[in-house]
Amino acid sequence: MPERSIFNFSAGPATLPEEVLRETQEALWDLNGTGIGVMEHSHRGGAFDAVYEQTLADCRTVAGIPDDYEVLLLQGGASSQFFMLPANYLPADRTADYLVTGAWSEKAVKEAAFYGTAHEAWRGQKPYTLVPTQSDIQYSEAPVYVHMTSNNTIFGTQWNAEPEIPADAWLVSDASSDIFSRPIDVTRYGMVYAGAQKNLGPSGVTLVIMRRDLLEGGPVRELPTMQRYDRKSGTMHNTPPTFGIYVMGRVFAWILRNGGLEAMGERNREKASVVYDALEANAGFYRCTAGEGSRSAMNVTFRGPDEETEKRFIAEAEAIGLAGLKGHRDVGGMRASIYNAFPREGCDALADFLADFAKRNG
Ligand SMILES: Cc1ncc(COP(=O)(O)O)c(C=O)c1O
């Protein structure tokens with residue numbers, strides 16, 4: 001593969017580690033010397049089984065996942081967890097609490113209302129510039145679970161710590177856009193889920209980490225098999241997304257080779273600081289859309305002086321190899337997505353461009 005001259009700031013699917021892509025390129029043709037490519041192996045055969053078992057083992061090592069938690073690698077994306085979670089665990093006569101901090105939690109809470117009572121324990125307003133403080137949150141009397149979105153991909157806000165929740169409830173996090181970007185204490189959660197396509201691999205595979213007692217407790221209502229988390233054989237009930245699982249496994253190995261989640265967290269903090277510092281240094285020209293204290297280390301969202309100038313910013317950036325900076329339509333302006341695999345040099349290049357563009361246009 002030739003060298004790349006582009007830094008890809010896409011919000012997802014997103015930049016993957018170069019080493020992983022090179023390993024994958026090899027495995028497409030020949031998985032681990034078997035003479036058969038990774039996409040061509042039976043999911044019931046020994047070669048894929050070895051990949052699968054190692055992927056699960058490395059996932060557990062990366063996040064320090066204890067034995068009383070199950071790891072499932074499903075299809076259907078994070079969006080399918082929006083309905084599977086309440087379908088499995090929210091009885092019709094009970095309440096689940098939702099912390100609505102952005103567009104994805106809006107979608108999640110809407111799905112919960114199909115099955116039981118969905119209480120908004122906190123709801124921000126577009127453009128969702130903050131996540132709540134503990135004293136802002138108003139829980140219902142006895143929620144089954146509390147659902148949060150740990151990083152709000154569109155609005156560029158992120159929780160710095162888990163909220164405290166009512167004693168008998170369990171916490172669920174949609175961690176699609178910051179999973180494994182920093183250390184995580186899985187034992188704070190009943191369930192953590194994430195679509196792979198930002199920090200873990202290609203789209204098409206969804207990581208679900210779930211407390212075993214919840215899984216084994218089974219669903220609170222009759223459900224078709226594929227809507228149940230406790231379906232027989234878990235991930236392997238039907239043909240799993242074998243290619244996605246392979247790549248995810250290579251990403252876990254890459255995280256472990258590169259110092260684990262402590263090192264990821266440190267590197268991600270540094271990368272984000274480079275970009276936020278450049279924005280602050282030109283604060284008369286750019287404006288961060290997320291409030292201080294809630295700013296995401298994964299998605300940096302910002303506006304320019306006016307829409308015309310923003311369009312030129314995006315076009316000029318693209319022309320020098322800084323791709324994918326257009327913000328989501330709900331926020332406008334620009335968004336730099338800088339997940340685990342996004343290189344530090346790309347943040348430095350963006351910081352230089354931010355300064356240069358402001359100087360020429362300010
Ligand atoms: C925080 C968050 N949750 C959920 C989703 C939806 O994920 P999927 O496309 O895997 O359903 C996204 C996608 O960008 C996201 O950022």
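Me: What share of the residues of the protein chain count as buried, and what makes a residue count so?
Reply: In this predicted model, 46% of the 362 residues of the protein chain count as buried, where the criterion is that 20 or more other C-beta atoms lie within 10 Å of the residue's own.

Me: How do you know whether the protein chain is as compact as a globular protein of that length?
Reply: The protein chain has nine helices and 14 strands. Its radius of gyration is 21 Å, close to the 21 Å that the globule rule gives for 362 residues, and therefore the chain is as compact as a globular protein of that length.

Me: Where does the largest nonpolar core lie, and why is it placed there?
Reply: This core has 95 residues, and those with the most contacts inside it are Tyr-98, Met-191, Leu-207, Val-275 and Ile-338. Helix H6 (residues 242-257) provides its largest share, seven residues. Because domain 1 (7-11 + 260-361) and domain 2 (30-257) both give residues to the core, it lies between them.

Me: What makes Val-275 a contact partner of other residues, and which are they?
Reply: Contact requires C-beta atoms within 7 Å, and, leaving aside neighbours within four places in sequence, Val-275 is in contact with Val-300, Ala-336, Ile-338, Cys-347, Leu-350 and Ala-351.

Me: How do the residues of the shell around the ligand divide?
Reply: They divide into two nonpolar, eight polar and one charged, with Gly counted among the polar ones. Helix H3 (residues 77-89) gives the largest share of the shell, three residues.

Conventions:
Residues numbered from 1 in each chain as written. Predicted model: local features only at pLDDT ≥ 70, side-chain atom pairs only at ≥ 80, totals over all residues. Helix = DSSP H or I, 4+ residues; strand = E, 2+ residues; numbered from the N terminus. Core = buried A, V, L, I, M, F, W, Y, C linked by C-beta atoms within 7 Å. Buried ≥ 20, exposed ≤ 12 C-beta atoms within 10 Å, placed from the backbone. Domains from an automatic or database assignment. Contact = placed C-beta atoms within 7 Å. Rg over C-alpha atoms; globule rule 2.2 N^0.38 Å.
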